[in-house]
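Have the structure open as you read.

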Amino acid sequence: MTATPPPQHSFLGVLPWPERRAIADALRTETIGGLVLLAAAVVALIWANSPLGDVYQQIRDFHFGIPALGLDLSVGHWTADGLLAVFFLVAGIELKRELVVGELRTPATAALPVIAAVCGMAVPAALYALTAGLGGGSLDGWAVPMATDIAFALAVLAVISTHLPAALRAFLLTLAVVDDLGAILIIAIFFTSDLNFLALGGAFAGLVLFYALQRLRVRGWWWYVPLGITIWALMYNSGVHATVAGVAMGLILRTTLDKGETASPGARVSHLVHPFSAGVAVPLFALFAAGVTLSSAALAEVFTRPEPLGVVIGLVVGKILGVFGGTYLAARFTRARLNPDLDWADVFGLSVLAGIGFTVALLIGELAFPGQALTEQIKAAVLIASVTAAGLAALLLLRRNKVYKRLYEEENVDADADGIPDIYQREATAAER
């Protein structure tokens with residue numbers, strides 16, 4: 001008797017309607033924020049390389065705060081340690097939602113994007129280590145090319161006017177969410193300075209209280225905002241990077257609905273904070289992190305020094321090998337069937353797009369080489385690699401845009417004007433039969 005092969009599950013098929021709505025809301029905000037991010041990066045580069053470059057550096061290095069609380073920081077550090085904590089708060093909420101009600105809630109649906117994301121982090125790090133090691137450079141920057149910047153990637157898609165189907169956008173978002181988790185774990189574990197255990201214990205106690213308030217269903221911003229700021233300040237003073245506080249609180253926030261609720265606490269906070277994160281926090285960080293002085297000598301060093309060259313190779317080549325290779329092998333191993341309307345060329349295009357590693361890559365670059373001249377070269381390498389990946393991805397995805405436009409239009413046909421695309425009603429009817 002011949003054994004029956006295990007059933008195949010669809011990869012990049014039509015998303016469930018609730019999942020598609022949630023992802024569409026998140027991506028809409030990220031796309032707008034990504035365009036602001038692009039503008040901020042361009043302004044930073046022009047400003048830093050203009051006759052007013054000294055003014056840029058003076059503003060970035062200007063210190064203010066409360067020294068008695070250990071919070072006398074420069075403008076650049078306030079944006080990296082303070083505003084990016086808001087970014088990671090939103091990332092934590094999105095990760096929690098994915099784990100509880102999204103694509104990562106079951107092993108079958110989580111396997112492919114998680115394997116792709118892990119390979120997309122491991123291969124770039126390995127290529128950086130290989131390049132830096134062979135060139136006699138520092139291995140400290142191994143984590144720089146690991147993360148994908150979802151906002152920058154979506155901004156590129158908006159600029160080139162692609163019509164990517166919802167499943168491809170969801171796959172890109174899930175990759176970025178897992179990337180963000182990997183980045184925050186790396187920051188917490190490998191970029192932690194001398195620990196202040198008293199402050200760390202206070203931050204942990206604050207998180208326990210935060211969790212208890214959620215469990216007791218306590219509502220009201222006057223509880224959570226002061227507590228969140230206190231947790232952030234204690235985390236900063238503990239020696240652990242302050243952005244860890246943001247992702248920790250995001251993971252604690254409840255994302256399931258109680259009886260009578262129309263939105264969970266996580267969804268409410270994300271709805272309020274996400275526009276600020278995407279439109280203000282991340283662009284301001286980019287404004288004071290992307291201001292790299294560009295000259296022919298500086299650009300030449302990107303390709304002659306092993307550390308920045310490792311970053312370029314890691315982002316441009318490593319992401320393609322990691323994301324595409326991991327996805328292809330995982331699909332074969334799990335017997336997943338690619339959506340017949342799409343092709344592996346589409347996955348390859350997204351793999352190239354994943355080489356855009358702007359925000360988190362710049363942050364990790366600053367942590368890996370603090371106060372060193374090499375920091376500027378690492379930042380320049382991130383910018384060059386991200387622009388290269390964006391250009392290559394635009395060429396690849398535009399070649400398939402007619403296919404994407406057809407699928408996008410089919411996904412959004414709503415002939416009966418009931419607010420739900422007809423494709424979901426056809427599937428429901430087919431299932432009943």
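## Buried or exposed

A residue counts as buried here when its relative accessible area is under 20%, and as exposed when that figure is over 50%. One thing to keep in mind: this is a predicted model.

Phe152 belongs to helix α5 and Phe358 to helix α14 (residues 358-368), so the pair ties together parts that are 206 residues apart in sequence.

## Other aromatic rings

How many aromatic pairs are there by this rule? The count comes to 15. Trp221 and Trp222 make an edge-to-face pair too, at 6.1 Å centre to centre and with 75° between the planes.

In soluble globular proteins, nonpolar side chains tend to be buried together. In this model the largest nonpolar core has 127 residues, and the members touching the most others are Phe11, Leu12, Leu353 and Phe358. Helix α6 (residues 166-190) supplies the largest share of this core, with 15 residues. Another core lies apart from it, made of seven residues that include Leu71, Trp78, Ala233 and Ala242.

What does Phe11 contact, once neighbours within four places in sequence are left aside? The list runs Leu112, Phe171, Thr327, Ala336, Arg337, Leu338, Asn339, Trp344 and Val347.

## Where α1 meets α5

Helix α1 (residues 17-48) and helix α5 (residues 150-159) have axes that come within 7 Å and cross at roughly 85°. The two helices are therefore roughly perpendicular to each other. On the α1 side, the contact is made by Leu27, Glu30, Thr31, Gly34, Leu35, Leu37 and Leu38. The α5 side brings Ile150, Ala151, Phe152, Leu154, Ala155, Ala158 and Val159. Sorted by class, this contact has eleven nonpolar, two polar and one charged residues.

## A covered helix

Helix α9 (residues 243-252) is mostly covered, with nine of its ten residues buried. Those buried residues are Thr243, Val244, Ala245, Gly246, Val247, Ala248, Met249, Gly250 and Ile252. What covers them includes α3 (75-100), α6, α7 and α8.

## Two residues to look up

Is Glu307 buried or exposed? With 5% relative accessibility, Glu307 counts as buried. This residue sits in helix α12 (residues 306-334). Not counting residues up to four places away in sequence, Glu307 touches Tyr128, Gly137, Ser138, Phe369, Leu374 and Ile378.

Most residues other than glycine have a negative phi. Arg217, a residue other than glycine, has a positive phi near 60°. You'll find Arg217 in the loop between α7 (197-215) and α8 (221-238). At 38% relative accessibility, Arg217 counts as partly exposed.

Key
Residues are numbered from 1 along each chain as its sequence is written. This is a predicted model: local features need pLDDT of at least 70, side-chain atom pairs count only at pLDDT 80 or more; totals for chains, interfaces and linings use all residues. Side-chain values use heavy atoms; hydrogens and water are left out. Axes are lines fitted to C-alpha atoms, for helices over the stretch in contact, and angles run from 0 to 180 degrees between N-to-C directions. Helices (H or I, at least four residues) and strands (E, at least two) are DSSP runs, numbered from the N terminus. Angles under 35 degrees count as roughly parallel, over 145 as roughly antiparallel, 65 to 115 as roughly perpendicular and the rest as oblique. Contact means heavy atoms within 4.5 Å. Ala, Val, Leu, Ile, Met, Phe, Trp, Tyr, Cys and Pro count as nonpolar, Asp, Glu, Lys and Arg as charged, and the others, Gly among them, as polar. A nonpolar core is a set of buried Ala, Val, Leu, Ile, Met, Phe, Trp, Tyr and Cys residues joined through side-chain atoms within 4.5 Å. Buried means under 20% relative accessible area, exposed over 50%, partly exposed in between (1.4 Å probe, protein chains only). Rings of Phe, Tyr and Trp (its six-membered ring) pair if their centres lie within 6.5 Å; planes under 30 degrees apart count as stacked, over 60 as edge-to-face and the rest as tilted.
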